[in-house]
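This briefing is for a reader meeting the structure for the first time.

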Amino acid sequence: MTIRPILIHPDPRLKKPCAPVEAVTPEIRALADDMLDTMYDAPGVGLAAPQVGVSVRMFVMDCVKEDGAEPRPMVLINPEITWASDEVSTYEEGCLSIPEQYADVTRPERVRMRWTGLDGTAQEAEFDGLWATCAQHELDHLDGRLFIDHLGPIKRQMITRRMVKLKRERAREG
Ligand code: K1U
Ligand code: ZN
């Protein structure tokens with residue numbers, strides 16, 4: 001079990017669009033394992049590769065939250081949205097790179113995604129509810145976008161200032 005450190009905003013590595021994964025190598029499989037360990041440990045329902053400092057188009061998610069329910073870990077490599085519903089939904093989002101800050105974000109209620117699985121085969125599925133919100137939040141990370149980029153400038157700056165302060169305090173504590 002390997003827990004990787006999660007980058008905290010602001011960090012230029014969280015703003016950079018990620019490169020496609022060229023092949024599903026043993027390194028990519030090890031990264032997927034570490035990302036799932038890191039996500040469950042945080043705890044979170046999703047985690048994108050740039051959040052652990054690796055600039056490749058890949059994320060993990062598991063939105064099963066009920067106590068005692070079977071976990072459903074998913075690894076999405078080179079994900080793309082192939083369809084989005086006209087209906088939207090608003091969810092109070094959080095982000096492991098922006099700890100303890102939450103804000104309402106409106107996104108398509110349902111999306112269809114295509115991606116490459118860990119076995120190298122093409123996959124496609126439709127997501128709704130928290131799965132759809134999380135998948136879109138994670139895809140944003142791969143394009144260097146954070147949930148605060150969906151907010152107005154005042155809220156975004158307020159949250160960014162809080163994160164600068166948090167990082168300064170953590171650096172002082174060592
Ligand atoms: O990408 C990330 O930073 C992970 C993020 C994903 C996400 C949360 C909420 C809406 C959209 C996307 C998180 O997992 S934040 C933590 C969280 O929401 C959570 C933690 C424990 C149990 C349930 C949820
Ligand atoms: Zn996030």
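**Briefing**

At 9% relative accessibility, cysteine 95 is below the 20% limit and therefore counts as buried. The model is predicted. Cysteine 95 is one of the residues that coordinate the zinc ion (ligand 2), and the points below begin with that site.

**Zinc site**

- The zinc ion (ligand 2) is held by Cys95 through SG, by His137 through NE2 and by His141 through NE2, at 2.1 to 2.3 Å.
- Along the sequence, the spacing of these donor residues is C-x41-H-x3-H.
- Cysteine 95 belongs to strand β4 (residues 88-95) and histidine 137 to helix α2 (residues 129-142); the pair is 42 residues apart and links distant parts of the chain.
- Histidine 137 has a relative accessible area of 8%, so this residue is buried too, given the limit of 20%.

**Overall build**

- The protein chain contains 3 helices and 7 strands.
- Their order along the sequence is α-β-β-β-β-β-β-β-α-α.
- The radius of gyration is 16 Å, close to the 16 Å that the globule rule gives for 174 residues, so the protein chain is as compact as a globular protein of that length.
- The C-alpha trace spans about 45 × 40 × 35 Å along its principal axes.
- Of the contacts with a separation of 6 or more, 63% are between residues 24 or more positions apart.

**Surface and charge**

- Buried residues account for 41% of the 174 residues.
- The protein chain has an accessible surface of about 9,400 Å², and carbon and sulfur atoms make up 50% of this area.
- There are 22 positive and 29 negative charges, and their mean positions lie 9 Å apart.

**Backbone details**

- Most peptide bonds are trans, and most residues other than glycine have a negative phi.
- Histidine 9 and proline 10 are joined by a cis peptide bond with omega of about 0 degrees; proline 10 is in the segment before α1 (26-41).
- Another cis peptide bond runs from alanine 42 to proline 43, with omega near -5 degrees, and proline 43 sits in the loop between α1 and β1 (46-48).
- Asparagine 78, which is not a glycine, has a positive phi of about 50 degrees and is located in strand β3 (residues 74-84).
- Glutamate 100 also has a positive phi, near 65 degrees, and is part of strand β5 (residues 98-108).
- With a relative accessible area of 68%, glutamate 100 is over the 50% limit and so counts as exposed.

Terms used. Residues numbered from 1 in each chain as written. Chains lettered and ligands numbered in written order. Predicted model: local features only at pLDDT ≥ 70, side-chain atom pairs only at ≥ 80, totals over all residues. Heavy atoms only, no water. Donors = N, O, S within 2.8 Å, 3.2 Å for Na, K, Ca; no water. Helix = DSSP H or I, 4+ residues; strand = E, 2+ residues; numbered from the N terminus. Buried < 20%, exposed > 50% of the residue type's maximum accessible area, 1.4 Å probe, protein only. Rg over C-alpha atoms; globule rule 2.2 N^0.38 Å. Contact = heavy atoms within 4.5 Å. Areas by Shrake-Rupley, 256 points an atom, 1.4 Å probe, with all protein chains shown as cover. Lys, Arg positive; Asp, Glu negative; His and termini not counted. Charge placed at Lys NZ, Arg CZ, Asp CG, Glu CD.
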